[in-house]
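Here is a short tour of one protein chain, starting with the overall fold and ending at a single residue. Have a look at the structure first, then read on.

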Amino acid sequence: MEKSLIVLKLLTKIPRGKVTTYGELARVAKSSPRAVGQIMRRNAHPELYPCYKVVSASGRIHGYDGCLKGAKVNKKISLLEKDGIRVVNSRINLEKYLHKF
């Protein structure tokens, strides 16, 4: 199966109230975090493949203009908070919210 399809399918496995990291997706898909980032950027169906649930290894939420085409960090934070994830200073507590595959 193509790596991008693997990564997108993994996004659907992240439970409500949890996030994962680019590195965790890369580990499972046998890819690199950068490649995962590019897959997120090209995600044409964010309503099916929730790319907003992917954060950096530090839990920090960075620029977000990829899969939501022009949305900014505030949009990602809004979606995460709607999922029940507490965001403080554009950062998520990964000890509490990280989903590992």
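This is a predicted model: local features need pLDDT of at least 70, side-chain atom pairs count only at pLDDT 80 or more; totals for chains, interfaces and linings use all residues.

## Fold at a glance

## Size and packing

The C-alpha trace of the protein chain spans about 35 × 30 × 20 Å along its principal axes. Its radius of gyration is 12 Å, which agrees with the value near 13 Å that a compact globule of 101 residues would have.

Of these 101 residues, 42% count as buried. Among contacts in the protein chain with a separation of 6 or more, 65% join residues 24 or more positions apart.

## Surface and charge

The protein chain exposes about 5900 Å², and 52% of that comes from carbon and sulfur atoms. As for charge, there are 21 positive and 7 negative side chains. The centres of these two sets lie 2 Å apart.

## A closer look at threonine 20

Threonine 20 belongs to strand β1, which covers residues 20–21. Its side chain reaches the backbone oxygen of histidine 99 at 3.1 Å. Leaving aside residues up to four places away in sequence, threonine 20 touches Ile14, Leu25, Lys53, Val54, Val55, Leu98, His99 and Phe101.

Definitions and conventions
Residues are numbered from 1 along each chain as its sequence is written. Side-chain values use heavy atoms; hydrogens and water are left out. The radius of gyration is taken over C-alpha atoms; the globule rule is 2.2 Å times the number of residues to the power 0.38. Buried means under 20% relative accessible area, exposed over 50%, partly exposed in between (1.4 Å probe, protein chains only). Contact means heavy atoms within 4.5 Å. Accessible areas come from the Shrake-Rupley method with a 1.4 Å probe; for residues, only the protein chains shown count as cover. Lys and Arg count as positive and Asp and Glu as negative; His and the chain ends are not counted. The place of a charge is taken as NZ of Lys, CZ of Arg, CG of Asp or CD of Glu. Helices (H or I, at least four residues) and strands (E, at least two) are DSSP runs, numbered from the N terminus. A polar contact is a pair of N or O atoms within 3.5 Å; within protein, one must be able to donate a hydrogen and the other to accept it, and residues adjacent in sequence count only if both atoms are side-chain atoms.
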